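The following exercises are intended for a reader new to this structure.

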Amino acid sequence: MVELGISTFGETTALKATGQIYNHDERIRQLVAEIELADKVGLDVYGIGEHHREDFAVSAPELVLAAGAVNTKKIRLTSAVSILSSMDPIRLFQQYATIDALSNGRAEIMAGRGSFTESFPLFGYDLKDYDALFDEKLDLLQLANESTKVNWQGQLTQSIAGKEVYPRPVQGKLPLWVATGGHVESTVKIARAGLPNVYAIIGGNPRYFKKLIQAYREIGRETGHAEKDLKVGAHSWGWIAEDGEQALKDYFYPTKQVVDAISKDRPHWQELTYQQYLE
């Protein structure tokens, strides 16, 4: 089964025609309206990512998704992603269990390390623990999802002695996806855990991910996980219009704004040319 949806970071990219940049508060209200419209037109899922930067409006996707849950009926609501490494896994679980209640069973979590690192100093985490934090917190999140009573001995997280975690999801368990930018090691870990995998295709050739998907499914099967649990999702930038050629031309401007802004912080990125965009 193929599901189709929209994911967003709440970008505040300048509009080409006017140069207007929406304020964060206005952009956040727009997202709630977008969720309601996406539900009406029959899209399957709407996801919102967490960032802590001026160029993205949303730092707390769970609040926007909760607002979007109230007046929608069928669309599934997910983070895209929750930066698990700099969050409390128990609190994250509770937040999305609450969205699950508001939506009557339509909430999901997409956990990731995050491609930006602003959240680490904001919330008191050390970047040297980047991978270890994610791995430990993912285990704790899975435990809270599986069992009401949690017994946990933490190293980089809190220890929990038989405490119960509420509310519980309407669905019984929250669907939990793990997002990755395409690192081989991440693909192997996700496959061995038997968790659904989402690839964030934000640069490079999408064909590169075919071999990763094949490896993910093969390793997952070899580890003993059922085929039905080895789900794959993909997130990519996109623009849809009546005419394909015009859509390609129109989408260059906003894409360049985002890429050029990111390139200021990342030495391996560079400002986008039209030729690179076409490639």
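**Exercise 1. The chain as a whole**

Of the 279 residues of the protein chain, 44% count as buried, where buried means under 20% relative accessible area, exposed over 50% and partly exposed in between, with a 1.4 Å probe and protein chains only. This is a predicted model, in which local features need pLDDT of at least 70 and side-chain atom pairs count only at pLDDT 80 or more, while totals for chains, interfaces and linings use all residues. Residues are numbered from 1 along each chain as its sequence is written, and side-chain values use heavy atoms, with hydrogens and water left out.

Task: Compare the radius of gyration of the protein chain with that of a compact globule.

Solution. Step 1: the radius is taken over C-alpha atoms, and the globule rule is 2.2 Å times the number of residues to the power 0.38. Step 2: for 279 residues the rule gives a value near 19 Å, and the protein chain has 19 Å, which agrees. Step 3: along the principal axes, the C-alpha atoms fill a box of roughly 60 × 40 × 40 Å.

**Exercise 2. Helix 3 and Ile 90**

Task: State where Ile 90 is found and determine whether it is buried or exposed.

Solution. Step 1: the protein chain has nine helices and ten strands; helices (H or I, at least four residues) and strands (E, at least two) are DSSP runs, numbered from the N terminus. Step 2: Ile 90 belongs to helix 3. Step 3: Ile 90 has a relative accessible area of 11%, and therefore is buried. Step 4: leaving aside neighbours within four places in sequence, Ile 90 is in contact (heavy atoms within 4.5 Å) with Leu 140, Ala 144, Gln 158, Ile 160 and Val 165. Step 5: the C-alpha atoms of Ile 90 and Leu 102, twelve residues apart along the chain, are separated by 19 Å.

**Exercise 3. Backbone exceptions**

Solution. Step 1: most residues other than glycine have a negative phi, and most peptide bonds are trans. Step 5: with a relative accessible area of 61%, Asn 104 is exposed.

**Exercise 4. An aromatic pair**

Task: Classify the pair formed by the rings of Tyr 208 and Phe 209.

Solution. Step 1: rings of Phe, Tyr and Trp (its six-membered ring) pair if their centres lie within 6.5 Å; planes under 30 degrees apart count as stacked, over 60 as edge-to-face and the rest as tilted. Step 2: this rule gives nine aromatic pairs. Step 3: the rings of Tyr 208 and Phe 209 have centres 5.3 Å apart and planes at 80°, so the pair is edge-to-face. Step 4: Tyr 208 is partly exposed, at 47% relative accessible area, whereas Phe 209, at 5%, counts as buried.
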